Each structure stands twice: as C-alpha cells, then as structure tokens.
Protein chains: 2
Amino acid sequence: MQRFWWVNHKQTVRQEVGGGYLWSPKKEANGARSQFYDNMREAAPGDMVISFAHSHINFIGVITNYALSAPKPEEFGNVGSYWEAEGWLLPVDWQPVPAPVKPKDLLSEIQSLLPDKYSPINPYTGNGNQKAYLAEINKNLFDVIVDRGAFNIPNIAAASSSRPALIEIIEDATEEAIENDASLNKTEKEQLIKARVGQGDFRKNVFKVEGRCRVTGIDNPALLRASHIKPWRACVSAIERLDGFNGLLLAPHVDHLFDLGFLSFSDDGAVKISPRLPLSDLKKLGLELLCKNLTGPFAEKQRIYLAYHRDTVFLR
Amino acid sequence: MQRFWWVNHKQTVRQEVGGGYLWSPKKEANGARSQFYDNMREAAPGDMVISFAHSHINFIGVITNYALSAPKPEEFGNVGSYWEAEGWLLPVDWQPVPAPVKPKDLLSEIQSLLPDKYSPINPYTGNGNQKAYLAEINKNLFDVIVDRGAFNIPNIAAASSSRPALIEIIEDATEEAIENDASLNKTEKEQLIKARVGQGDFRKNVFKVEGRCRVTGIDNPALLRASHIKPWRACVSAIERLDGFNGLLLAPHVDHLFDLGFLSFSDDGAVKISPRLPLSDLKKLGLELLCKNLTGPFAEKQRIYLAYHRDTVFLR
C-alpha cells in the first residue's frame, strides 16, 4: 500500500534533491536507534515524500526503490573513510512544487492532520522538530500540501527501475577507486573489476564452492550468475571481492531477487522471502514451491557473508 | 553433445588468440553462404577447437559461448564502418599446446581421420584448404592432436560465463564512441548510456508500449527489465537505442534467455524456444508451460526489431 512521508532536510537539501535521493545514518550518533532513520527502510517504491527545508516545501518526490546500505554520496571516491559512514540511501525522483508551500502559513488547517507521535514539525509553532528526519504522514495531510502547491503527481511506474540507478553510480565510483589504487597491479585490478559483473576469477572461485543454483537446481553455466553474497560494492578488500565463499550460483531471476534483497537464506539453507515481495509475484516467477525446500547448509565461511546479506540487503 | 572443431587462421591468429575469440564474416565476399562460416553459429559452449596457423597447432581452446553478431574486434572504436563489417564473433578460451604439433609430420596417421567433406587440410599435402575456416572434426582426430601436443584439457564449466565477456568489451567500446560523439549533447549522451542497462528514457518509453512481462505476466516494476529487442550494441542510431518499440518488459530470467538468444517471439506473439536450450532447463526455470501461451501480437514498429532478433540473436 502506498504510504506518505515528510523529510526535514538538514544542510544537505541541495545534494539530496539534486542527486535524486535521501540519505540518513543508521543510528543516532550515540548509537541509539531512531524511528526517523528506521523509516528509511520502511519506505517503498511508489511512496510519495514531501521535502521540507528552510521552512518551505519546494519539492515532492516519488520513492523509486528501497533504501540501500551506502555511504553518503558526497563521500564517493574518498575510499579511505568510505564504509565507516555507511547509512541508508533512499532513491527519490524529486519534482519541483509549482507554488511552494510554507506550512507555518496553514498551521490551523494542518494542525490536526499531523501525527501525534514522531511529527516532523511542531503543530503549534510550525518549526521542524529537532530530531525528525523521515516521518510518516497521512494521506489527508499529503493531499492538502499537493493541493496548495498545485502539484501534479507524476506517473509512478515508469519512474521506478528494476535496479536502482544509484547502485550504478556507487559501483562506478568504486571501480574508479580500484583503477586508481596504486597498491594493486594490472591483473589484480582487472580481476576485481570483472568480479563486479560476476566474471573472471571470482566466477571460477564460486564454481569451486557451489555447483548449481540452490533454488532451481540449474547447473547449466550459461544460465548461472555468480552473485556476491556481500555485494561487490560493500566489500572492504580484494579478498572479499574475489572470495568463492562470498558467492552463489543463481538462476537469473533468483539472482535478481537476491541482489535486491527480496530473497535471502538462513544458515541451514532455508530460503527467506521478504514480506516486500508479493506472493503473487513469487508465483508468477515459478518459485513459490521451490522456495519451500531446504537448499543445503552453508559452509562456515559463507555464513559470515550471509549474515551481512540478511542484516543489510534483505528487505524486512 | 560436445563437438570438435579445427580453425585455419588467416592473418589474424595473433589477434584472435590474444583476444580470446574467433571471428568470421557471415558470407563469402560474393554473397554466397559458406559452411565454414555457418559453423561459427553451430559451435557451442564446451566444444573444443584446434588452432592451425603457419603449418602448426600451437593452441587449443574451449568455446565459452555461442557466436555473437559483431564487427571485427580490431575495428572497435571505428564507429563509422562499424556495423558494415558485421560477422560472427565466437568467444574462445585459448590455451597453449605444450608440444606444438605439425600435422604434415603425422599425415599418415591422421589422413583417414580427416572429414571427407569440408576438411580443413588437404589429406595428401597437409596444407590448409583454400576456403576453409572453421571445420568440424571427429573426436578421434582431436584426441590424436591432444595426445601428440601433450595438452591437458582444462575445466570447462568455470570457463564459460553466463553473459559473454566480449559483449562487455563491445559495449564499453560503443559507450566510449558515444561519449566522444561531438554531434550529441550531454543529456543525449547520458540517456544513450543509461539505455545500455535498460534505464532512463528508454525504460520510460518501453513502459508506454508494453505494460508487463509477456511470458510471466509480471507487472511489478521492481521485477521488470526493459530489454532491447535489437541489442543496444547493434543499434545504428540514437533513435533505435531509445525507441520504446525496440523494447520489451521482461522478468529477469526471461530477459536473460531473450538477451542470449535462447528465446524469441513470432510476430503473432508465440514464444520461440531455441533448440540450444535444454527442455529440462526450461522446466527448472518454471517457464515450460508459460511459453506455450500466445503473448499477444506485436505492433508493426516492434516487428522490424523482432525480425533482427530472430535472424541474428536467436540461436538456431
């Protein structure tokens, strides 16, 4: 079901709107969890989000994909501190609001529509709440803003892509960093870059560990993708990127679901299906029954990577 | 079933072996068909091929993928004449022969093993036959050469990749040509490059023409790839690369089969399955029954692209 969100941008409104995303840390600076950050993983493609910055609503966006675990985009290329600052990156297709809205000016109208808990703004002053980032709002409030802003809701389906374009951008930046890494020789760079698309030594290494698609049983190499368990972009070393234990051989549709976090595995080999994947789609993919089978236990060395996949890629 | 081949290299042995491929025109210079060129499309992943050049066999290779329609790789980057010289490009993983073999020296032994028709060399002189390029040989002949050459047959499964690495190389060269094309502005370049991975305007344009995967019925955008009918790398203009009529929305496994030529469509919407795709694999993919349905007729503008796909991409 479509949901509606409101974001209070910090200093980064220009980057976020320009770059087509929202970014938040995963936790508060003191390590505490935050509902406003957890909401980043709740938001789904097709949801709408209102951008609030400098007391005005200038943009409304369509969320085009689920959140990715990723560093702040402005830090791309700065490989040293890259993964230390991992947060949630939410792809949004932003559109300008023709008649920008100042919520303070319509407080009496929207006061009662704001959420009781985790409200993005103070219902009496109209100022942004201190700790708020991404807050859920109801459709009535959203409709008032859309109406006042003379905003036309764009076609949602075509905006969404099967694999977030932001992944491409992150991976391109990572590839460039590998190219420029003076500690790697030519052959090493080549193999690390081939591994991005599941080819070369990485693929050969996975074939030494796995023999077939665990879900469909396919063993025809022409139909098997060598897929990283911990994504290539998230690996912290050449070893992780080329490790055969960090890979599975999957049929293309299973690979797609695994890559996007619609499907994962337990350590004992049970298939985990994300609640975000409609059962009707799983059926249309012909995977409903196959996913009920145990696929065989994982090796110790695979389990470390699988834990990362379940925590960070799998969509809860 | 594994087959065995023998290639008489022309002047290009160094490029072909170094680059990991074989390349031939599709027809004779006078337009006539040639069994030796047709064999390029017969060869299949896992087949073995003997390289004969300058009277010696110095290399033996594993064929890692089916032939692609592509220009001579040494012409990459020369976009002007690019597609005029389209031929068959066959990916081969070449290995050196430890003890190079000179067939002339063992004529008496191999004479009777050479094929009666389309022999690569003259059974009496040991010289390469004039018009021969890729010739099929029997396993006995292959075994004699392997034995005399002290050649170890490598592990075949891991050598083969799900999508030929040569496609990546061709597409990278094409992307570079687009980047350097002074007749395109920045936005046009961006959209043409996004189209390579089925994103951006191309994807939006396909959504205007198609609404769902024709085979599985899936309409969830997160599970749909926008796939070129005439491949992006083979398009001759920006119009073809962005044309919504040159695209289908396909579930990832159907997209994979379509991309590699294991599956195509008739103009009336019937699914065509390549004889190269084992029925058992089609079953494991859950597509056997779905592929028996008519998927709805194609528009006139789609049929032009589909004809290209059936002629050039579909594996007979």
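**Exercise 1.** Find which side-chain atom reaches the backbone nitrogen of A:Thr187 at the start of α6(A).

*Solution.* At the start of α6(A), the backbone nitrogen of A:Thr187 has a side-chain oxygen of A:Asn185 within 3.1 Å. This is a predicted model, in which local features need pLDDT of at least 70 and side-chain atom pairs count only at pLDDT 80 or more, while totals for chains, interfaces and linings use all residues. Residues are numbered from 1 along each chain as its sequence is written, chains are lettered from A and ligands numbered from 1 in the order in which they are written, and side-chain values use heavy atoms, with hydrogens and water left out. Helices (DSSP runs of H or I, at least four residues) and strands (E, at least two) are numbered from the N terminus. After α6(A) comes A:Gly198, which has a positive phi near 70 degrees.

**Exercise 2.** State whether A:Arg196 is buried or exposed, and list the residues that A:Arg196 touches.

*Solution.* Begin with the position: A:Arg196 belongs to helix α6 (residues 186–196) of chain A. Its relative accessible area is 17%, and A:Arg196 is therefore buried (under 20% relative accessible area, with exposed over 50% and partly exposed in between, for a 1.4 Å probe and protein chains only). Next, not counting residues up to four places away in sequence, A:Arg196 touches A:Glu168, A:Glu171, A:Asp172, A:Glu175 and A:Trp232, where contact means heavy atoms within 4.5 Å. Finally, the side chain of A:Arg196 makes polar contacts with the side chains of A:Glu171, at 3.0 Å, and A:Glu175, at 2.7 Å; a polar contact is a pair of N or O atoms within 3.5 Å, of which, within protein, one must be able to donate a hydrogen and the other to accept it, and residues adjacent in sequence count only if both atoms are side-chain atoms.

**Exercise 3.** Identify the buried residues of α6(A) and the elements against which they pack.

*Solution.* The buried residues in α6(A) are A:Lys189, A:Gln191, A:Leu192, A:Ile193, A:Ala195 and A:Arg196. They pack against α5 (165–179), α7, β8 (225–228) and α8 (238–242) of chain A.

**Exercise 4.** Explain why the buried residues of α7(A) lie on the same side of the helix.

*Solution.* In helix α7 (residues 200–209) of chain A, the buried residues are A:Phe202, A:Arg203, A:Val206 and A:Phe207. Because they cover an arc of only 140 degrees around the axis, they lie on the same side of α7(A); the arc is that of the directions from the helix axis to the C-beta atoms. An α-helix has 3.6 residues a turn, so residues three or four places apart point the same way.
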